[in-house]
Amino acid sequence: MELPNRYALIILLLVLLFSRSAFGSRFPQPIQESSHKGPSRPLKVAVFALGSFWRSEAVFGCLPGVVRTSVGYAGGTKTNPEYRNVGDHAECVKVEYDPTLISFKQLLDVFWVSHDPRQVFGQGPDVGNQYRSIIFTNATLEARLAATSKEREQTKSRSSIVLTQIQQLEDFYLAESVHQKFELKRNQFLLQLIGNMAEDELRASSLAAKLNGYVAELCPPQIQKQIDAKIAEILKGGWPILRGV
Ligand code: MHO
């Protein structure tokens, strides 16, 4: 009785070992979060409005030092705004960042080059007050940095006015989940590759924030290339295909 059991166990172990090495390379290695628990360093929060929040989230999600992004409504007075009933709010991106890796000043530089702060009543093709340009601040120093950077932006040309508002951040209302990581959600392949995360996981994930920028082709070029290479490497391993049941 005892002997066959031991053999069975050894055979099972051998089969398991063999199947891992035989099939291991056929299965794609999912892209992993570099750190699952996220950094332990204290993060800072910055909120910006610069047109459609689908694009705004993609602009900031890929920057080194940005840990999390989400989109929402801020800058107005209406309580509980919704996408179809936004009231006087603007579409915003909330950026959680590690201040030892990226500064508020660097985020401001990205803000200015990522939209046209002189466009009246809209941004790009999008028309309306909800697409206005706003820098939200939550400290005196930030307000000063924002004001200085706006002045600098104005000096680039005197022929039109930089319309960006600078406001103390009050309430930030999280937008509906369909709008979170909107660009990434259009790419089923990448969603699968990161393990079909649940909505709250997706919102908290640095990896999802990066890939959201990648899909929109809004990452800095060298990061865009790095992600391209990583995906190509995974695909080389082959994708499992079910050929029958
Ligand atoms: N141009 C966009 C605006 C989206 S937005 C998040 C559209 O296709 O409707 O406001």
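The expected span of a helix is taken as 1.5 Å times one less than its number of residues. In the predicted model described here, helix 4 comprises the 16 residues 140-155 and should therefore span 22 Å at 1.5 Å a residue, a value with which the 23 Å between its end C-alpha atoms agrees.

Within helix 4, the buried positions are Glu142, Ala146, Ser149, Glu153 and Gln154. Viewed down the helix axis, these buried residues fall within an arc of 145°, so they line one face of helix 4. Thr140, Leu141, Arg144 and Glu151, by contrast, are exposed on the other side of the helix. The cover over the buried residues of helix 4 includes strand 1 (44-50), strand 3, helix 3 (104-113), strand 6 (133-137) and strand 7 (165-168).

Strand 3, which spans residues 90-97, contains Glu96. Glu96 counts as buried because its relative accessibility, 17%, falls under the 20% limit. When neighbours within four places in sequence are left aside, Glu96 is in contact with Leu43, Lys44 and Val45, and also with Gly65, Val66, Val67 and Arg68.

At the level of the whole chain, the secondary structure amounts to 8 helices and 8 strands, and 41% of the 245 residues are buried. Of the contacts with a separation of 6 or more, 73% are accounted for by residues 24 or more positions apart. The chain exposes about 14400 Å², of which carbon and sulfur atoms supply 57%.

Conventions. Residues numbered from 1 in each chain as written. Predicted model: local features only at pLDDT ≥ 70, side-chain atom pairs only at ≥ 80, totals over all residues. Heavy atoms only, no water. Helix = DSSP H or I, 4+ residues; strand = E, 2+ residues; numbered from the N terminus. Buried < 20%, exposed > 50% of the residue type's maximum accessible area, 1.4 Å probe, protein only. Contact = heavy atoms within 4.5 Å. Areas by Shrake-Rupley, 256 points an atom, 1.4 Å probe, with all protein chains shown as cover. Arc of directions from axis to C-beta.
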